[in-house]
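Subject: Structure for you to look at

Hi,

Here is the structure I promised to pass on. Please open it next to this email and follow along.

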Amino acid sequence: MAFEGGEDGFAVTGPLDQLLAWARKNSLWPMPLGLSCCAIEMMSTIGPRFDISRFGAEVARFSPRQSDVMIVAGTLTWKMASVARRIYDQMPNPKYVISMGVCASSGGLYRNYAVVPGVDRLIPVDVYTMGCPPRPDTLLNALLTLQKKIDKGSTHASGNPRPAVVGLGG
Amino acid sequence: MSDTATTTSAIDDAIAAHAATFAGTVQPKTQDGIPTVRVPRDQAIGFLVAMRDDPQLRFRLLLDVTALDYYGQARDRFDVVYHCYSFESRSRLRVKTSCSERDAVVPSAVPEFPTAGFLEREVFDMFGIRFDGNPDLRRILMPEDYEHHPLRKDFPLEGIEPEKNYRKHGGVMMPRAPGAEPINGARSDTP
Ligand code: SF4
């Protein structure tokens, strides 16, 4: 991808899929699926202190029709499972999923009859985050990781899934 | 408020007097110091009402209805436990009654204490104890067509086919390769 031009404007040229990925990764609108305690950290991430808008993802939509990335923040129960799956199904393509916290990633400390042992049983997850709850920094790290993956085309949406696991560090 | 019993011993005496008329027995006090009375199943609601209406005691608030499972012990399997509170004497009361597994039915407190509605639904959901007279005895926590009662001691903690209801309503499961590697130390593929 290249920037061409001079003082009175410029043009970006490159293959279409790269341009699309570039546009998409910089305006990921999250669908905040806040299910329990992790949702508090997600709200903090969206708020001014951590400010997810620095990465173009501040437009949290509570309508799946208008969102690109679903952030599953919290403990998913089997009773809630069909709702989560339905919200995912309602999102327009291409869509991405960040699984926030150990509960969403693996069931976490709940190994019981009520909790889904990892949302990846129901929906394809692109980025898993560690932590109980993950710090807002970790969620931002997950977002940046997702942006890189969109760039490289290694998401479920682009048909070449290579899920990533992120913690605080890079 | 001069007609309300305020000292602990006066309250205990009044409770003991009522327990005798309802064929109940006062249990030894536990560490929390709450007086506990065990009454026969068919007397439980009458006893609660008497404790509520006694001008000296006035246990007007039914705080909680819960249950205990004594699975595998040589006694009636379930205890149903009521906790009451008196605003006047700022004291609490615990009432216990029991029922067997085969006849797991207890009279409902809803006609006298409407607040018992949700509490009894929870006990029904978790233990499978039915409350005779509860007008709306549906599950409250688990899916309505769930088949088990999770707080029974013979119910495995991991559940019995926990994804069954999700699948039943058309839920989609992700395909997983047989013997797939656990993700990031997650447990292996048991539901
Ligand atoms: S990972 Fe921890 S903080 Fe997050 S939902 Fe689970 S228990 Fe709550």
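Which residues are around the ligand? They are Ser36(A), Cys37(A), Cys38(A), Gly74(A), Thr75(A), Val102(A), Cys103(A), Gly131(A), Cys132(A) and Pro133(A). By class, this shell has 6 nonpolar and 4 polar residues. None of its residues is charged. Keep in mind that the model is predicted.

Next, the helices. Two packed helices are described by the angle between their axes and the distance between the axes. In chain A, look at helix H2 (residues 38-46) and helix H5 (residues 136-152). They pack at an angle of about 70°, and their axes are 9 Å apart. Angles of 65 to 115 degrees count as roughly perpendicular, so H2(A) and H5(A) are roughly perpendicular to each other. H2(A) brings Glu41(A), Met42(A), Ser44(A) and Thr45(A) to the contact. H5(A) brings Pro136(A), Leu139(A) and Leu140(A). Sorted by class, that contact has 4 nonpolar, 2 polar and 1 charged residues.

Now the two chains. Chain B gives 26 residues to the contact, and chain A gives 21. About 2,100 Å² is buried between chain B and chain A. Carbon and sulfur atoms give 61% of that area. How many salt bridges cross this interface? The rule finds 0.

Last, a spot in chain B. His83(B) sits in strand E4 (residues 78-86) of that chain. Val65(B) is 18 residues away from His83(B) in sequence, yet the two are 6.6 Å apart in space, C-alpha to C-alpha. Leaving out residues up to four places away in sequence, His83(B) touches Leu61(B), Leu62(B), Leu63(B), Asp64(B), Leu93(B) and Arg94(B).

Best wishes

Technical notes: Residues are numbered from 1 along each chain as its sequence is written. Chains are lettered from A and ligands numbered from 1 in the order in which they are written. This is a predicted model: local features need pLDDT of at least 70, side-chain atom pairs count only at pLDDT 80 or more; totals for chains, interfaces and linings use all residues. Side-chain values use heavy atoms; hydrogens and water are left out. Axes are lines fitted to C-alpha atoms, for helices over the stretch in contact, and angles run from 0 to 180 degrees between N-to-C directions. Helices (H or I, at least four residues) and strands (E, at least two) are DSSP runs, numbered from the N terminus. Angles under 35 degrees count as roughly parallel, over 145 as roughly antiparallel, 65 to 115 as roughly perpendicular and the rest as oblique. Contact means heavy atoms within 4.5 Å. Ala, Val, Leu, Ile, Met, Phe, Trp, Tyr, Cys and Pro count as nonpolar, Asp, Glu, Lys and Arg as charged, and the others, Gly among them, as polar. A residue is near a molecule or strand if one of its heavy atoms lies within 4 Å of it. Buried area is the accessible area (1.4 Å probe) that two parts lose on being put together, summed over both. A salt bridge is a side-chain nitrogen of Lys or Arg within 4 Å of a carboxyl oxygen of Asp or Glu.
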